[in-house]
Amino acid sequence: CVVGWNLQWAKMCATINNYFLLLLVFSTTSILANDNGLGPTPAMGWNTWCTLGPCQRDYCDAAEIMSIADAMEFNGMRDLGYTYINLDDCWADHRDEDGNIVPDSNRFPNGIAPVIKYLNKKGFKFGLYTDAGNATCQSGGRNQPIPGSYGHYEQDAATYASWGVEYVKMDWCNTKGVNLDPHVAYRNMSRALEKTGKKIWLNSCEWGVMQPWYWMYQYANSWRTGPDHHDNWDSTSNIIEINAELGVYAGPGGWNDPDFIYTGGQGCDPPVDSAHCPGQTDIEYRTEFSMWCLMAAPLIVATDIRNLTDVMKKVLFNKEMIAINQDSLGKGGNRIGFSDCPNKACQIWSKDLSDGGKAIGLYNPNDVSYYIYIDFDEHFNWPVVFMRDLWKLEDVGVVKNSFSVLVSGHGVEVYKIMKHK
C-alpha cells in the first residue's frame with residue numbers, strides 16, 4: 001500500500017501493511033526462519049552475568065566456568081536440560097595486529113578453546129557474548145573498552161567456530177556512532193555464522209526496540225523482547241507485561257527472550273559472605289520461573305548454581321514446569337483474559353501443549369492476595385476439564401465449568417488441564 005495524500009489514508013495503509021506482515025509471520029515462519037536446525041525448544045542453561053557479584057559487574061574466568069559445569073553435572077541440572085553455559089560481557093580483551101579478537105589472558109590464561117573442550121566432555125554447550133557495535137556495553141573492571149564485532153563479523157564468527165563456540169549473544173551497545181541498522185547487523189552476523197559451517201545459536205539483544213518478534217526469526221534463534229531484566233519485582237512484572245501478547249511469534253527455531261532468570265538471587269557486593277543477595281521473594285522467584293515457562297522463553301539462569309538455596313531447588317528443578325517450557329509443540333503462551341480484581345489486574349494465561357492439553361497460569365501482579373476465577377467453557381469451549389497443579393505436583397481432579405483459587409500477591413498458580421468427556 002502506498003501512502004496517499006491525507007492522514008486518514010495513511011492510517012488505513014498502515015493497518016493494511018501490518019495485516020499483511022502478520023500474515024507473513026503466521027504463514028511463512030517455517031520457510032523464513034533461521035534454518036540452522038537449532039532451537040526446536042527454548043534454550044536452557046546458565047550465564048555469568050550475576051554470579052560472582054551483582055548484575056553488571058561482568059567478571060568471569062576459566063576456573064569459575066569449569067566449576068559451574070562440575071556443579072551442574074553433580075546437582076542434576078544438566079540432566080534436566082540446562083546444557084548451555086554462556087559467558088556474558090566478561091571474557092574478551094583486545095584485537096591483535098591482524099584484527100583477531102583476543103581473550104583476557106588474566107581470566108583465560110590458556111584461551112577459550114580448552115574451556116570449551118572441558119564443557120563438551122561433560123555434555124554442555126558453550127556460548128559467549130559480543131556486540132554489534134565497535135565496543136561492548138561494559139569494560140568489566142578492565143581499564144579499556146572491549147572491542148565489539150563491528151567490521152569483524154565474519155572474522156569473529158570464524159574465530160568462534162574454530163574454538164568450538166555453539167551460542168553467540170550479540171548486544172546492541174555503541175552502535176549509534178557507526179549508524180547501524182539492526183536488520184542489517186543481525187543479518188550479517190547470522191550469515192557469518194552460517195558461513196563457518198558450524199551450527200551456532202544466535203541470540204539477538206537489541207532490547208526489543210525494533211520489535212524483533214516480527215522479523216528476527218529470519219536470522220536468530222532467540223531475540224530479546226525488552227530491556228535488561230533485573231533482580232527486583234518491578235523489573236520482573238514489567239518484563240511479564242511486555243511479553244503478554246507475544247507468544248504467537250515464538251516457535252521451533254525462534255523464541256522470544258525476556259532475558260535471564262534470577263532464581264535464588266544475584267551475587268553480593270564484597271565483603272558480604274554469601275553466594276546470593278536476593279532482590280525478590282520466594283513467591284516472586286516462583287512467578288518469574290512460571291511465567292518464563294508459560295511464555296516458552298529460554299531458561300537461562302544468571303545466579304550461582306554452585307550454592308543452591310531451598311527456593312532454587314524447588315523452582316529450577318520442577319520437572320513438570322520444565323516440561324511445559326520444553327513442550328514439543330513449541331507454542332508460546334499468551335495472556336488470554338483478566339479476572340475480577342481491581343483494575344482487572346489479575347490475569348489468565350494459556351499455553352497449548354502437544355498432547356492436546358493446555359497449561360494455564362492464574363497470575364496476580366497486585367501487592368495483596370486475590371481470588372482468580374477462570375471459566376473453562378468461555379475460554380476453551382471445554383465445559384469439563386481434568387486439572388493438575390504443577391506446583392503442588394498433585395491432581396486437582398475433574399472440574400466442571402469454572403475454577404477459582406486464592407493467589408498470593410505477586411504470585412501465580414499454574415495448572416495443566418485436559419478436556420474431559
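The torsion about the S-S bond of C268 and C277 is about 115°, so this disulfide (a pair of cysteine sulfur atoms within 2.5 Å) is right-handed. The sulfur atoms of C268 and C277 lie 2.0 Å apart. C268 has a relative accessibility of 7% and therefore counts as buried, the term for under 20% relative accessible area, with exposed meaning over 50% and partly exposed in between (1.4 Å probe, protein chains only). C277 is partly exposed, at 28%.

The structure is a predicted model, in which local features need pLDDT of at least 70 and side-chain atom pairs count only at pLDDT 80 or more, while totals for chains, interfaces and linings use all residues. Residues are numbered from 1 along each chain as its sequence is written, and side-chain values use heavy atoms, with hydrogens and water left out.

The structure holds five disulfides. One of them joins C341 to C346, with an S to S distance of 1.9 Å. Its torsion is about -90°, so the link of C341 and C346 is left-handed. C341 is buried, with a relative accessible area of 7%, and C346 is buried at 0%.

C205, by contrast, is in no disulfide; the nearest cysteine sulfur, that of C137, is 7.1 Å away. C205 is buried, with a relative accessible area of 0%. The sulfur of C293 is 19 Å from the closest cysteine sulfur, in C50, which is too far for a bond. C293 also counts as buried, at 0% relative accessibility.

A further disulfide joins C60 to C90, with 2.1 Å from S to S. This link is right-handed, with 95° about the S-S bond. Both C60 and C90 are buried.
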